[in-house]
Amino acid sequence: MSIVVRRPNLSWSEKLYLPAIFSGMIITLGHFMKMLLGRTKVTMQYPEEKWDSHLPDHYRGAPALVKDERDRLRCVACQLCEFICPPRAIKIVPGEIPLGDRFAKVEKYPEEFDIDMIRCIYCGMCEEVCPEQAIFLRKDYAITGLTRAEMVHDKKKLIEIGGVMHGLVLKWNEKK
Amino acid sequence: MTFLVLTSLLKIFGIVFLVILPMVSYTVYAERRVSALIQDRLGPNRVGPAGLFQPIADAMKFILKEDFTPAHVNKFYFWLAPCLAMVPAIMTIAVVPFGSSLLGVPMVIADINVGVLYVFAIASLGVYGIVIAGWASNSKYPFLGGVRSSSQMISYELSLGLAVIPIFLLVGQLRLTSIVDYQIANGWMIAPFLGDPTNLWKWLLTIPMLISFVVFTIAIFAETNRLPFDLPEAETELVGGYHTEYSSMKFALFFLGEYAAMITGSAIIVTLFLGAWHLPIPWWNHAHGFHWLLISGSLGGWLGFLGGLFNIFTFFAKVAVLLLVFIWVRWTLPRFRYDQLMRLGWVFFFEIALVNIFIAAIIVAYMPK
């Protein structure tokens, strides 16, 4: 059985083809002029313009260690984040806080705290699991480096990104 | 004699290295920017102010790339093809009068009396670059591209040649400078009535001239493989067509050759139909009242020098406008199907150009001198 495909009946001007060409060219000219006059919205020009000020509060950027108002690094080296981290990007070497210290009862602090930013998937599990409110995902997203070693954030870099966080629970302070 | 050789060398050097090659690279830039703007993008805007140094960066990239010759190609022709693509395009410009005169030197490299025949002869050599590239590459897509290119060239060369015959009926000469002089005296070929608006015959003559212009322009589009007719390289079907196997500077030569051909094509359209370097300026003074001022290099002293420069500028400004039209059309129209292309060439343009010659001949025959 054969199927007869109905061809559209073209009018005289459609067969001439020229009107279609001219209307097409007017459309492209319209787009061209609108772009020239800056009336079309285009992509943000990234390095010059940034989206930074529009980032939402829940944005998940680079994970970082924070200090509280009293300038204490909140991490207690419990290694829960190291354990939960799906891509195993975190490496912690715990150290012992000496007896005479004001926070000797905390017992541990991270001697080394490395996050391999090549591995990190910005999932935020470390922030979620942290019992000390010590690790947070900040809004830094342009993590770049020329070597693999450069892409590993050590403790110093993490503190630098993290900065000081206000309004956290200060559970290790002396009881009044 | 020495003077002639020296000025000719200067003109050749100036036209090729100071005008055509920079124009080619900035046509590529214009192509990218205009296409971007038409598609609501921005285009290359990183290198230099507004991306103006992009062509230089592109050239550096092409020069530094590895020049790879596949093992299965016919080496000699594989190397020959890119040169054959570039050379005819630049050679054609030799007979085009790109200005009146500068310090008494006529601004045309070779003012030969077979002008247009030379243009057609050399321009049709351009197809050999593509055909040889397609054949020498020894792989199927380039081969298809080369075959398509040759058949397309044959189909459109016909209407290209026939479309300009009305002009020669009118002027009676093939020399391009005479055609320009005729246009200055009697109005541009695209609008012959401008020379004498009261003469009805001139208005009548406008009809075949306009048809000639349209057919010639479309044939030039086909001749330079520009988009509605870019079947030889059709990226979507032929993976780049005849230059699929080419890389680095050899590819760049094809690329530049295509744009150089575009520039020569526009230059020929401008010379034949749009009054070449002629731009009448409305002027009024007490002695003559209102009249059209003719600027040319034949005026004396500094005025003549500035006039000559102005003429050259006018010519290339017209070419630039036509190039923009080329780009505009490319980013508007889709590619023809192959049978449509052949039908258009053989069934429509060939006949239209043929009938047009008769119309023009009748008008010229009965037009009072």
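The points below go through the cores, the chain contact, the domains and the strands.

1. A word on the source: this is a predicted model. Please read every point below with that in mind.

2. I would begin with the largest nonpolar core, which has 94 residues. Within this core, the residues with the most contacts are B:Ala219, B:Ala260 and B:Ile263. The element that gives the most to the core is helix H11 of chain B (residues 248-273), with 14 residues.

3. Which residues does B:Ala260 touch, once neighbours within four places in sequence are left aside? B:Ala260 is in contact with B:Ile20, B:Val24, B:Met86, B:Ala89 and B:Ile90. Apart from the core of 94 residues lies another core, of 25 residues. Among the residues of this other core are A:Ala77, A:Cys130, A:Leu137 and A:Ile161.

4. Next, the contact between the chains. Chain A and chain B each put ten residues into the contact. On the side of chain A that touches chain B, six residues are nonpolar and four are polar, with no charged residues.

5. Chain A is divided into two domains: domain 1 covers 9-42, and domain 2 covers 54-162. How far apart do the C-alpha centres of these two domains of chain A lie? The distance between the centres is 57 Å.

6. Chain A also has an open sheet of three strands, in the order S2-S3-S5, with antiparallel pairing. Strand S2 (90-96) and strand S5 (152-153) of chain A are the edge strands, each pairing on one side only. Between S2(A) and strand S3 of chain A (residues 108-116), the antiparallel pairing runs over seven bridges. A:Glu96 stands opposite A:Lys108 in S3(A). Helix H5 of chain A (residues 155-162) packs on the sheet, where it touches S3 and S5 of chain A. The direction of helix H5 of chain A makes about 85 degrees with that of S3(A).

7. Finally, a hairpin in chain B: S3(B) and S4(B) form it, with three residues between them. Strand S3 of chain B (residues 281-285) pairs with S4(B) in the antiparallel sense, over five bridges. B:Ile281 stands opposite B:Leu293 in S4(B). How many of the five residues in strand S4 of chain B (residues 289-293) are buried? The count is zero, and S4 of chain B is hardly covered.

Notes:
Residues numbered from 1 in each chain as written. Chains lettered and ligands numbered in written order. Predicted model: local features only at pLDDT ≥ 70, side-chain atom pairs only at ≥ 80, totals over all residues. Core = buried A, V, L, I, M, F, W, Y, C linked by C-beta atoms within 7 Å. Buried ≥ 20, exposed ≤ 12 C-beta atoms within 10 Å, placed from the backbone. Helix = DSSP H or I, 4+ residues; strand = E, 2+ residues; numbered from the N terminus. Contact = placed C-beta atoms within 7 Å. Nonpolar A, V, L, I, M, F, W, Y, C, P; charged D, E, K, R; others polar. Domains from an automatic or database assignment. Pairing = 2+ DSSP bridges. Axes fitted to C-alpha atoms, helices over the stretch in contact; angles between N-to-C directions.
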